[in-house]
Amino acid sequence: MSSPSSVPQQFLEDAPLGTRVVVRYRIEGGLTDALGELVGKSDGECTVRTRRSDVVIALALVAAAKEVPPAPPRRTPRPPAA
């Protein structure tokens, strides 16, 4: 049986590429989140493609991770009011 601290890392190791995830991980001064598609996995790290960029996260820094539903479709902008 795995310890509770290894559960998020195990999820990321087992999740298929292309899964939409949110990963909470440690940074200097606290925690931050990466929300996007899991696009890479290698020994000790994973890569999440967010709207802004690919984020490479060391699994040792992961505090929580889970699968999330697909992003809602973007709304089309309204035309300017006359």
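What you are looking at is a predicted model, so local features need pLDDT of at least 70 and side-chain atom pairs count only at pLDDT 80 or more, while totals for chains, interfaces and linings use all residues. Residues are numbered from 1 along each chain as its sequence is written, and side-chain values use heavy atoms, with hydrogens and water left out.

Let's start inside. Strands here are DSSP runs of E, at least two residues long, and helices are runs of H or I, at least four, numbered from the N terminus. As for burial, buried means under 20% relative accessible area, exposed means over 50%, and partly exposed is in between (1.4 Å probe, protein chains only).

Now the charged pairs. The structure holds two salt bridges, each one a side-chain nitrogen of Lys or Arg within 4 Å of a carboxyl oxygen of Asp or Glu. Here they are with their accessibilities:

| Salt bridge | N to O distance | Relative accessible area |
|---|---|---|
| R24 and D33 | 2.7 Å | R24 39%, D33 39% |
| D54 and R49 | 2.7 Å | D54 39%, R49 44% |

R24 counts as partly exposed, and so does D33. In the other pair, D54 is partly exposed and R49 is too.

On the surface, E13, D14, D43 and E45 gather in a patch of negative charge. Patch members have over 30% relative accessible area and no salt bridge, with like charges joined within 9 Å; Asp and Glu count as negative, and the charge is placed at CG of Asp or CD of Glu. D14 sits in helix α1 (residues 7-14) and is exposed, with a relative accessible area of 55%.

Two other spots are worth a look. E37, in strand β2, is partly exposed at 37% relative accessibility. P69 lies in the segment after β5 (62-67) and is exposed at 59% relative accessibility.

How values were computed:
Patch = residues over 30% accessible without salt bridge, like charges linked within 9 Å, V, L, I, M, F, W, Y side chains within 5 Å. Areas by Shrake-Rupley, 256 points an atom, 1.4 Å probe, with all protein chains shown as cover.
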